[in-house]
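Please look through the sequence and the model below before reading on.

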Amino acid sequence: MRDTLVLNASFEPLSTVTLNRAVVLVLQDKAVVEQAHPELRMRGAEVDIPAPRVIRLCQYVRVPFRRRAPWSRRGVLVRDRNRCAYCGRRATTVDHVVPRSHGGQDTWLNTVASCAEDNHRKANRTPEQAGMPLLRQPFEPTPADAMLLALGREDLDALPEWLAQPAA
């Protein structure tokens, strides 16, 4: 299901919602469409609107300040764009740079996306011990970057230029 980016009334990214939820917010006049999918339309008995890709809330919503994006396995795969940090092929698992048995934690800076073969080959060792250098270093995305990365590559490329692009 396609995700729709929700912007606060001040144009800052708030979250992503399903396409159906975005249409409901627009029809209830709680949001306006900032950018629509060029080829998709949502049709009903008395409704025919373009499918929203980015919507903006009509009223400002106060949100508590979040310093860090919450860590998750899915988030690590999305951050690394489903590419193995050791060989560059398609990643399906998450690997701990410093293994958990050696005191490594589930953190953004200690986990990378990995293909199953490299994860198995590295096993319970650090990349240096296994002779498997990282192609790129893990980083901690900001909460806004993590949300934008979660949209997916094709949706991210189609976002308006004025919307900040996440760090790669």
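A residue is called buried when its relative accessible area is under 20%, exposed when it is over 50%, and partly exposed in between, as found with a 1.4 Å probe on protein chains only. This is a predicted model, in which local features need pLDDT of at least 70 and side-chain atom pairs count only at pLDDT 80 or more, while totals for chains, interfaces and linings use all residues. Residues are numbered from 1 along each chain as its sequence is written, and side-chain values use heavy atoms, with hydrogens and water left out.

Side chains of opposite charge can pair when their charged atoms come close. A salt bridge is taken here as a side-chain nitrogen of Lys or Arg within 4 Å of a carboxyl oxygen of Asp or Glu, and the structure holds 9 of them. One of these joins Arg43 to Asp48, with 3.6 Å between the closest N and O atoms; Arg43 is exposed, at a relative accessible area of 64%, whereas Asp48 is partly exposed, at 43%. The setting is another one for Arg79 and Asp80, whose side chains meet in a salt bridge of 2.8 Å, N to O, and both of these residues are buried.

A further salt bridge, at 3.4 Å from N to O, brings together the side chains of Arg89 and Glu117. Because Arg89 lies in the loop between α2 (73–79) and β5 (93–96) while Glu117 belongs to helix α3 (residues 116–122), this pair ties together parts that are 28 residues apart in sequence. Helices (H or I, at least four residues) and strands (E, at least two) are DSSP runs, numbered from the N terminus. Arg89 is partly exposed, with a relative accessible area of 43%, and Glu117 is exposed, with 51%. Salt bridges that share partners also join Arg41, Arg43 and Asp48 into one network.

What of the cysteines? A disulfide is a covalent bond between the sulfur atoms of two cysteines, and it is assigned here to a pair of cysteine sulfur atoms within 2.5 Å. The structure holds 0 disulfides. Cys84 is in no disulfide, its nearest cysteine sulfur being that of Cys87, 3.7 Å away, and this separation is too far for a bond. Cys84 is buried, at 0% relative accessibility, while Cys87 is partly exposed, at 35%.

Turning to the strands, β1 (residues 3–7) is mostly covered, since 4 of its 5 residues are buried. Two strands are said to pair if DSSP finds at least two bridges between them. On this basis β1 pairs with strand β2 (residues 13–18) in the antiparallel sense, over 5 bridges, and the two form a hairpin with 5 residues between them, where Phe11 in the turn has a positive phi of about 70 degrees. β1 also runs parallel to strand β4 (residues 48–57), to which 3 bridges join it. Leu7 takes part in both pairings, for Leu7 stands opposite Pro13 in β2 and has Arg56 as its bridge partner in β4.

Strand β3 (residues 31–43) contains His37, a residue that counts as buried at 2% relative accessibility. The side chain of His37 makes a polar contact with the side chain of Arg53, at 3.1 Å. Such a contact is a pair of N or O atoms within 3.5 Å, and within protein one atom must be able to donate a hydrogen and the other to accept it, with residues adjacent in sequence counting only if both atoms are side-chain atoms.
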